[in-house]
Amino acid sequence: MTVAGGSPARMARTGNVFVLLHAFVKPGSRIAQGEIDLAQRTPRPSAIDEAVSPIGTDHQTARRRRMSNPEYVRAAQALAPLEALARVFIRYRIENHLTQEQLAEAMGTSASAISRLESGQHQPNLATLRKFANLSQRHLLVGFEDEVGHRELVTV
């Protein structure tokens, strides 16, 4: 393989990673034919290489593949309420032009606590939710719902 400027390049393939080694050669110098032949050889793709794109997959395809795994679906369902709560914190912060540090200071907590909440992977305690409700001038509701859909809500 010869690249721009007439210098040889060597390409190696390992799984889905391509490595291009480029050598600068002085004009007029000679390169051994064996080196040129080696650089021009293209490895034959394996079945794995053909099945997985080296640049990844689009979001919908990746999501469908993840959602076909029952364990992943259970984990996603368990995190859904925390992610929804994270969006409430993030939306409030953006609408009020606050940084995580500023929100933390206003709530009397740490910026790392706000970061954990906004990750959607952390379950906040009731005291933190009360602080946020007071700051955002909202009511904190805690509720229960049975399998039939009957709900009981309490303002905390």
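Two strands are said to pair when DSSP finds at least two bridges between them. In this predicted model, strand β3 (residues 141–145) and strand β4 (residues 151–155) meet that description, pairing in the antiparallel sense over 5 bridges. Within the pair, F144 stands opposite E152 in β4. The hairpin of β3 and β4 has 5 residues between the strands, and G149 takes a positive phi near 110 degrees there.

Two packed helices are described by the angle between their axes and the distance between the axes. Helix α5 (residues 100–107) packs with helix α6 (residues 111–119) at an angle of about 110 degrees, and their axes are 8 Å apart. Angles of 65 to 115 degrees count as roughly perpendicular, so α5 and α6 are roughly perpendicular to each other. The crossing in which α5 passes α6 is right-handed.

Finally, the model can be searched for pockets. The largest pocket has a volume of about 210 Å³. Its lining is made by A78, P81, L82, A84, L85, Q123, P124 and L129. Helix α4 (residues 70–95) gives the most to this lining, with 5 residues. Sorted by class, the lining of the largest pocket has 7 nonpolar residues, 1 polar residue and no charged residues.

Technical notes: Residues numbered from 1 in each chain as written. Predicted model: local features only at pLDDT ≥ 70, side-chain atom pairs only at ≥ 80, totals over all residues. Heavy atoms only, no water. 1 Å grid on protein atoms, 1.4 Å probe; cavity = no way out; pocket = protein on both sides within 12 Å on 5 of 7 lines; lining within 4 Å. Points joined across faces, edges and corners; volume = space filled by probe spheres on them. Helix = DSSP H or I, 4+ residues; strand = E, 2+ residues; numbered from the N terminus. Nonpolar A, V, L, I, M, F, W, Y, C, P; charged D, E, K, R; others polar. Axes fitted to C-alpha atoms, helices over the stretch in contact; angles between N-to-C directions. Parallel < 35°, antiparallel > 145°, perpendicular 65-115°, else oblique. Left-handed = near helix turned anticlockwise from the far one by under 90°.
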